Amino acid sequence: MAIKKTTLFVVVFIMLQAVLMAKGCCPDGWIGSNCFCYFVNGSSEVEWGDAREMCQAMNADLAVITSETQNDFLYDLINWKMQDSWYGTWIGLERNATDENKFYWVDGTPLAGQYTNWASREPNSNAEKCGLFWGPTASQPNKWNDALCDFSIRVSEGKPKPLVLCQKAAESD
């Protein structure tokens, strides 16, 4: 009998979480990978700024994605935590206030010259200043989108706001 890839991932994921929890690297409810702890708030639909404040209140920030491996891990985490979220989660990516053509991560790193995973035809509007990581049921899952930080257009259509994806450094014993 073949084991489904998703089932295998969930089993490995839970085992990894248990090992990291035993070592005390990540707080309860957080998932660890490559020296970072991640938290997906699957119940709060908020604007980008509120999402960032929520992360900062937990001594974290919105996720900064620097590699394809990390991107894929976070997509699997989002998929596992919230399987029906079309809009996915906010990530720590925003347009520079003085040069709207440039994106920066919340840690101050410019996106230019770094790993990116934009959906086709994205980024597509200087009015859309905040980064969004599309969820598993989106038209282009596992991709990034630039979006209005308050998500006002989608909310006016009756769509939910994106959820929150926080990241912080894992603690060592």
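Visitor: Leaving aside its neighbours within four places in sequence, which residues is Leu74 in contact with?
Guide: Quick ground rules: this is a predicted model, where local features need pLDDT of at least 70, side-chain atom pairs count only at pLDDT 80 or more, and totals for chains, interfaces and linings use all residues; residues are numbered from 1 along each chain as its sequence is written. Side-chain values use heavy atoms, with hydrogens and water left out. Contact here means heavy atoms within 4.5 Å. On that basis, and skipping the neighbours within four places, the partners of Leu74 are Tyr38, Ala63, Ile65, Phe133 and Leu165.

Visitor: In what order do the elements of the protein run from the N terminus on?
Guide: Helices (H or I, at least four residues) and strands (E, at least two) are DSSP runs, numbered from the N terminus. The protein has four helices and eight strands. Read from the N terminus, they go α-β-β-α-β-α-β-β-β-β-α-β.

Visitor: What share of the protein's 173 residues count as buried?
Guide: Buried means under 20% relative accessible area, exposed means over 50%, and partly exposed is in between, using a 1.4 Å probe and protein chains only. Of the 173 residues, the buried share is 43%.

Visitor: Within what arc do the buried residues of H2 fall, seen down its axis?
Guide: The buried residues of H2 are Trp48, Ala51, Arg52 and Cys55. An α-helix has 3.6 residues a turn, so residues three or four places apart point the same way. The arc is taken from the directions from the helix axis to the C-beta atoms. The buried residues of H2 line one face of the helix because they fall within an arc of 100°.

Visitor: Is Asn41 buried or exposed?
Guide: Asn41 lies in strand E2. Not counting residues up to four places away in sequence, Asn41 touches Met54, Leu163 and Val164. With 11% relative accessibility, Asn41 counts as buried.

Visitor: What pattern do the disulfides of the protein follow?
Guide: A disulfide is a covalent bond between the sulfur atoms of two cysteines, and the cut-off used here is a pair of cysteine sulfur atoms within 2.5 Å. A search of the whole structure turns up three disulfides. Counting bonded cysteines along the chain, the pattern is 1-2, 3-6, 4-5.

Visitor: How many residues apart are Cys55 and Cys166?
Guide: A disulfide joins these two, at 2.0 Å from S to S, and both Cys55 and Cys166 are buried. The torsion about their S-S bond is -85°, and the link is left-handed. The pair links distant parts of the chain, Cys55 in helix H2 and Cys166 in strand E8, and their separation is 111 residues.

Visitor: Is the disulfide of Cys130 and Cys149 left-handed or right-handed?
Guide: The S to S distance between Cys130 and Cys149 is 1.9 Å. Cys130 sits in strand E6, while Cys149 is in the loop between E7 and helix H4 (152-156). Cys130 is buried, with a relative accessible area of 1%, whereas Cys149 is partly exposed at 26%. The torsion about their S-S bond is about 90°, so the disulfide is right-handed.

Visitor: And which cysteine does a disulfide join to Cys26?
Guide: Cys26 is in the loop between helix H1 (5-23) and strand E1 (31-33), and its partner is in strand E2, 11 residues apart. The torsion about the S-S bond is about -90°, so this disulfide is left-handed. With 2.1 Å from S to S, the partner of Cys26 is Cys37.

Visitor: How far is the sulfur of Cys25 from the closest cysteine sulfur?
Guide: Cys25 counts as buried, at 15% relative accessibility. The closest cysteine sulfur belongs to Cys26, too far for a bond, because the distance is 6.1 Å.

Visitor: What is the relative accessible area of Cys35?
Guide: Cys35 is in no disulfide, and the nearest cysteine sulfur, that of Cys25, is 8.5 Å away. Cys35 counts as exposed, with a relative accessible area of 64%.
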